[in-house]
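Hello,

I am passing this structure on to you, along with some notes to read beside it. Please open it first and take a look around.

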Amino acid sequence: MDRRDFLGSAAILSSVAANGATKPLPKRLYKNGIELSIIGFGGIVVCGMPQSEANRRVSAAYDRGVNYFDCAPSYFNGEAETKLGEALKPYRAKVFLAEKTTRRDAAGAREELERSLARFHTDHVDLYQFHAVGSMEDVDKILAPGGAAETFLAARKEGKVRHL
């Protein structure tokens, strides 16, 4: 599937979650009693639309039971985080926010995390993930001394990341 097909599919799923469902979505148990909607809202779908439309889609999705929101700073150079962050303001305490980093070094991952937190208007994300890990070289860099894994562990101790 190419990027255009992926974005189209994501937009359709987001639209169904936001507009087409008549019953709240089922949830599944994550951990520590947290229940997450079986369909997540991918932040990339708010790119290229006015903030008012992003707000409407997030609100409609939340009203239908979506409580899992996922994003990454690489989605249109931060546009997804900025728009999703604004749209999630009224719901932030009630939703599970997953974020990613493509950075492989601790300093870069920390910089990206802090920028993401500011864009999301929050002091923490619920899940922080390594994004686009495509090789053992990526894994080696992430886990090496000075690698991005150090940022994950430090941010967890600081309460900026709830789950790894």
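Predicted model: local features only at pLDDT ≥ 70, side-chain atom pairs only at ≥ 80, totals over all residues.

Residues are numbered from 1 along each chain as its sequence is written, and side-chain values use heavy atoms, with hydrogens and water left out.

Helices and strands here are DSSP runs (H or I of at least four residues for helices, E of at least two for strands), numbered from the N terminus. Start with helix α4 (residues 106–120) and helix α6 (residues 148–157), whose axes come within 6 Å and cross at roughly 45°. The axes are lines fitted to C-alpha atoms over the stretch in contact, and angles run from 0 to 180 degrees between N-to-C directions. How do α4 and α6 lie to each other? They are oblique, the word for angles left over once under 35 degrees is called roughly parallel, over 145 roughly antiparallel and 65 to 115 roughly perpendicular. Their crossing is right-handed, meaning that the near helix is turned clockwise from the far one by less than a right angle.

Which residues meet there? On the α4 side they are A106, A107, A109, R110 and L113, and on the α6 side A148, E150, T151, A154 and A155; contact means heavy atoms within 4.5 Å. Sorted by type, the residues of this contact are seven nonpolar, one polar and two charged. Nonpolar covers Ala, Val, Leu, Ile, Met, Phe, Trp, Tyr, Cys and Pro, charged covers Asp, Glu, Lys and Arg, and the others, Gly among them, are polar.

Now for the charges. Side chains of opposite charge can pair when their charged atoms come close. A salt bridge is a side-chain nitrogen of Lys or Arg within 4 Å of a carboxyl oxygen of Asp or Glu, and the whole structure has 14 of them. One of these joins R110 to E114, at 2.9 Å from N to O. R110 and E114 are four residues apart in helix α4, so about one helical turn separates them. With E158 and K160, they are linked in a network of salt bridges. R110 is partly exposed at 21% relative accessible area, as is E114 at 31%; buried is under 20%, exposed is over 50% and partly exposed is in between (1.4 Å probe, protein chains only).

Another salt bridge joins R119 and E81, at 2.7 Å from N to O. R119 is in helix α4 and E81 in helix α3 (residues 79–88), so this pair ties together parts 38 residues apart in sequence. Is E81 buried or exposed? It counts as buried, at 0% relative accessibility.

That brings us to α3, which is mostly covered, with seven of its ten residues buried. These are A80, E81, K83, L84, G85, A87 and L88, and they pack against β3 (41–42), α2 (51–63), β4 (68–70), β5 (96–101) and α4.

Finally, look at G78, in the loop between β4 and α3. G78 is buried, with a relative accessible area of 2%. Beyond its neighbours within four places in sequence, G78 is in contact with P73 and R119.

Happy exploring!
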